[in-house]
Amino acid sequence: MLVSAEPIACHDCGQLHRYSPLAPGKTANCTRCGAVLYRNRPDMLDSVLALTLAGLVLFVLTNVFPLLGLRAQGAEQELHLLGASLAFWDQGYPLLAGLIILNIIIFPLFELLTVLVVVLTIRYRWRSSTAIFLFRWMSEFKPWGMLEVFMLGVLVAVVKLGDLATLIVGTAFWSFAGLILTMAAATALLDPFSVWRALGKNNG
Amino acid sequence: MAEHDALLQCRVCGCLSHASTQLKRFEVMHCPRCGARVKLAQQSNSVEVTWALLIAAAILYIPANMLPIMSVYMLGAGQPDTIITGAYHLLEAGQWPLALIVFVASIVVPLLKLFTLSFLLISIQRRSRWRQHDRMRLYRITEYVGRWSMVDVFVIAILTGLVQFGNLARVDANLGSLSFAAVVVLTMFAARTLDEHLIWDITRQEESHT
Ligand SMILES: [Zn+2]
């Protein structure tokens with residue numbers, strides 16, 4: 001087996017290294033630029049699977065319930081996540097509406113489903129061509145999912161509206177906060193190197 | 001190490017593969033593991049594409065700041081706000097933390113991105129060996145921070161979606177928001193197309209010659 005001598009390159013600077021198995025919980029760093037090369041986390045798959053399933057439930061809740069409500073002199077207005085994405089549409093800016101719907105609904109959902117498929121593929125040793133395809137595009141689209149940026153936008157809007165009218169913070173606001181936390185935790189736990197290595201093996 | 005010449009690294013999955021020696025100028029190779037396109041170093045047009053995106057973003061930065069981004073109407077009266085007057089109104093209302101968030105995310109970050117990416121491109125073109133670690137860090141920060149500029153676009157979306165009470169109170173989006181979003185998108189694409197490995201290329205070439 002050549003596995004212990006498998007050459008790998010640093011993702012940041014391209015420096016070549018030799019792969020060698022790590023003790024559980026340890027991390028390998030690049031000798032030139034210090035970037036993380038790979039990690040050994042024994043229960044990575046199970047934790048990520050649990051977080052992703054929780055994330056999918058929170059995603060549904062976030063989209064079903066209203067995010068914010070506003071009461072002004074007897075009139076009431078509610079805003080769902082989809083409504084916020086499409087607000088620009090009604091204003092005559094379909095491109096912007098499209099961009100926002102990608103940022104806060106499509107890409108986050110795509111990421112959750114991809115991680116689910118990838119983890120299940122590795123765990124049950126399925127054929128990995130679908131998982132490889134999805135994981136590749138997920139890595140490319142990652143910066144375009146902007147849940148946490150949107151959350152900051154919600155907070156700014158809440159303070160701005162605070163003295164204008166009575167504001168109701170909806171159920172989706174809290175599930176949205178939970179969704180951001182679970183997705184951040186899943187991203188922090190998932191080691192791309194280990195995933196690619198596992199997917200590459202199932203393929204051949 | 002001689003292996004640098006023979007091995008190509010996939011930018012998506014990190015897989016190393018051997019370059020076929022007969023690869024012609026416009027021929028592309030696909031990564032054997034993930035199928036993404038792998039370009040040879042001498043085929044890379046990353047510098048030119050990044051410059052084009054940056055220049056487009058710099059041009060759009062002007063209307064993004066001059067044109068109003070949204071209008072707030074209260075009891076029929078109201079005025080359009082540009083990014084800077086919006087931040088100023090927040091400051092006037094005593095909400096300086098919010099004014100700071102809007103100012104940093106919408107004005108400082110896009111401007112810094114335009115400058116740092118231009119600086120990195122110039123240093124790459126001059127084949128500079130100056131502080132490669134720091135330039136790499138600068139690139140990573142720029143790439144990460146860029147998406148936060150979208151916060152103002154999201155605020156406008158939330159306000160226009162929520163505040164629609166006819167003549168009583170109403171928030172409308174204006175053309176400036178479109179230019180501003182275009183600046184954010186273009187600078188994000190610019191950061192993605194800039195091949196950060198070019199920062200290290202000069203050292204790598206020297207290492208392989210010794
Ligand atoms: Zn690849």
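Student: How do β5 and β6 of chain B pair, parallel or antiparallel?
Tutor: Strand β5 (residues 70–74) of chain B and strand β6 (residues 77–81) of chain B pair in the antiparallel sense, over five bridges. Strands pair here if DSSP finds at least two bridges between them. Helices (H or I, at least four residues) and strands (E, at least two) are DSSP runs, numbered from the N terminus.
Student: Before we go on, what kind of model is it?
Tutor: It is a predicted model: local features need pLDDT of at least 70, side-chain atom pairs count only at pLDDT 80 or more, and totals for chains, interfaces and linings use all residues. Residues are numbered from 1 along each chain as its sequence is written, chains are lettered from A and ligands numbered from 1 in the order in which they are written, and side-chain values use heavy atoms, with hydrogens and water left out.
Student: Which strand is joined to β5(B) by another five bridges?
Tutor: Strand β7 (residues 169–173) of chain B, and the two run antiparallel. There, B:S71 has B:D172 as its bridge partner.
Student: New topic. How many residues does each chain bring to the contact?
Tutor: Chain B gives 59 residues and chain A gives 58. Contact means heavy atoms within 4.5 Å.
Student: How much area do the chains bury?
Tutor: About 5,400 Å² between them, 71% of it on carbon and sulfur atoms. Buried area is the accessible area (1.4 Å probe) that two parts lose on being put together, summed over both.
Student: How many salt bridges are there over all chains?
Tutor: Nine. A:E140 lies in helix α4 (residues 129–141) of chain A and B:R192 in helix α7 (residues 175–193) of chain B, so that pair joins two chains. Their closest N and O atoms are 3.8 Å apart. A salt bridge needs a side-chain nitrogen of Lys or Arg within 4 Å of a carboxyl oxygen of Asp or Glu.
Student: Last topic. Where does UniProt put transmembrane regions in chain B?
Tutor: Its unreviewed entry lists residues 49–76, 96–124, 145–163 and 175–194. Such annotations may be inferred rather than shown by experiment, and the positions use the numbering here, with feature names shortened.
Student: How much of residues 96–124 is helix?
Tutor: In chain B that span is 100% helix and 0% strand, and its end C-alpha atoms lie 39 Å apart. Residues 49–76 of chain B are 64% helix and 18% strand.
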